Amino acid sequence: MSTPLLEVRNVVRDYTLPRPSLFSRPVALRVLHGVSLTLGAGQSLGIVGESGSGKSTLARTVMALDRPQEGEVRIDGENLYALSRTDLRAARRKFQAIFQDPYGSLDPRHSVRRIISEPMRSLEAGQPGTSRSDRIGEVLDAVGLSPAAADKYPHEFSGGQRQRIAIARALVTRPALIVADEPVSALDVSVQAQVLNLMMDLQERFNLAYLFISHDLGVVRVITDRVAVIHLGRIVEEGPTGEVFDGPRHPYTQALVEAVPKPFAGRRQRGRSAKGHASVAASGAAGAGCPYEPQCPLAQPLCSMEAPALRLLAPEHSAACHFA
Amino acid sequence: MSRSLLIGGLVTAAIVGMALVSLVWTPYSPTAINIAKKLQGPSLTYWLGTDAFGRDVFSMIMVGARNSILVSVVAVAVGAGIGVPLGALAAARGGMIDNFVMRLTDLAFAFPALLTAVIITAVFGPGAFNAMLAIGIFNIPVFARLTRGSSLGLWKREYVLAARCAGRGDIAITLDHVLPNIGHILIVQATIQFALAIVAEAGLSYVGLGTQPPQPSWGKMLNDAQTYIYQAPLLAVFPGLAITFAVLGLNLLGDGLRDLLDPRIRRQR
């Protein structure tokens, strides 16, 4: 097999917590416990999990914004964290990002032209800049905005239009990978659909790969080919999106899938599904056993003694559970 | 346009205008001594009267405005020129550098500002130049703290993350994204520091450590007038009024600018 576009290998990320007092030792909180992923060109991989599970940290690590303590992130086989500053800048042309908040991700004092040209000016320095304004027009057209938008300012646009501008900025250097951290969660549902459709069109047109981070399973089902479920900084299940959501193997995935509100269902039997509620991250106290064991409805004595490894259950579908 | 911006702008413009006119014209020479005409009240010949040496008070106030403004401009420029980069550096890098810069400003804040200025001018010798430096030095921590505090939040914004994804470095992000977005805060603070510097210069000159005679200065005029407070009480009133108007005008201007430059308010227009 050829090298995948994105390969995340055993990434471990610790955050140093603020010291409780001047003289105590700094305490580290492990946010990612050895995460590995691969993503091929033109594919899309969803990352789902609850808040605090490490989704966004993973996104920042993939975008080379947050150096992990261990492990590597490879884009086209190049380890981002081993590159020199100049080489990293060259590599950044291959991956760009879209963020959650369409109001916070565009500098209010910059015109749309300046916002979109920032990656071009920075990443393509030394290359002829003659065609830049043509390219801004092209990319605005690709995201469904008129070329006249280039001379306006972010506050003149709606949330959905701003997210289109953010997509245009990510697209302008023609990256192979776009890391999208909750790109539609801040938008109205009707606008969400438009932006998702746009993202899928662009994927086809430019052969983009998406690393799509979301807590919204419905959105992930629409846009991704494969999905990885992350819980307390570990991937607990990974596989083709439909297969994982229709036949979840890990009890945490089962709880997530069941927690999606469905019209009418369960309204009469409210008391029943009390299992699988939010597990507040108590990840500091990781013992030898399965990290999900305290919340798991299926826990057996084995679970508190031995942590299950991610193992293949079906072709391309794996889960980290002794009983999956 | 708000009323405070209008009034503050007019008062400030009047004082700056007076200082500018004094460069080319004053009714009398501010240093010409005429003992025969000493301690006269306001009249058509001497608009604001004369002092104990028969010098024209109005001319002295005009030239004093020039000195006050020069000292304040340089002092605020020194404070902002060093303080803003320090604060921006602390916010951009965080960690040890941030701690170091902030402890330095704590140290500077621990000494009363005017007292420090008195010590500095006492050590390096009295004079307008040392007064500028002394007032400038205690402006540094003010600007450093303000810049750091208001940029810290911006470094967490997603547009800064996007800029980092575009491969921009800390300095480029500071110049392109951080400083333009806190510019309005800095401008408002500068007008307030400007007013404080005028008071500080007057204070230093009052105790004889600022502008040196025969150059007139508002603070020195107050000090001189003190001796004749019973014979010629108006002599103390005019420089006092000049200081009051300058400070009031600048404060109103700062308030008005804050409202004008606040992006949240601007968006609603």
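Domain bounds come from an automatic or database domain assignment. On that basis, chain A is divided into domain 1 (6–232) and domain 2 (247–262 + 276–281 + 288–324). The structure is a predicted model, in which local features need pLDDT of at least 70, side-chain atom pairs count only at pLDDT 80 or more, and totals for chains, interfaces and linings use all residues. Residues are numbered from 1 along each chain as its sequence is written, while chains are lettered from A and ligands numbered from 1 in the order in which they are written.

**Overall form**
- The C-alpha trace of chain A spans about 70 × 55 × 50 Å along its principal axes.

**Secondary structure and burial**
- Chain A contains nine helices and 12 strands; these are DSSP runs, with helices (H or I) of at least four residues and strands (E) of at least two, numbered from the N terminus.
- Of the 324 residues in chain A, 40% are buried, meaning that 20 or more other C-beta atoms, placed from the backbone, lie within 10 Å of the residue's own.

**Between the domains**
- The centres of domain 1 and domain 2 of chain A, taken over C-alpha atoms, are separated by 29 Å.
- Eight residues from domain 1 of chain A and 10 residues from domain 2 of chain A take part in the contact, where two residues are in contact if their C-beta atoms, placed from the backbone, lie within 7 Å.
- On the side of domain 1 of chain A that touches domain 2 of chain A, helix H7 (217–223) and strand S9 (226–231) each supply at least two residues.

Technical notes: Buried ≥ 20, exposed ≤ 12 C-beta atoms within 10 Å, placed from the backbone.
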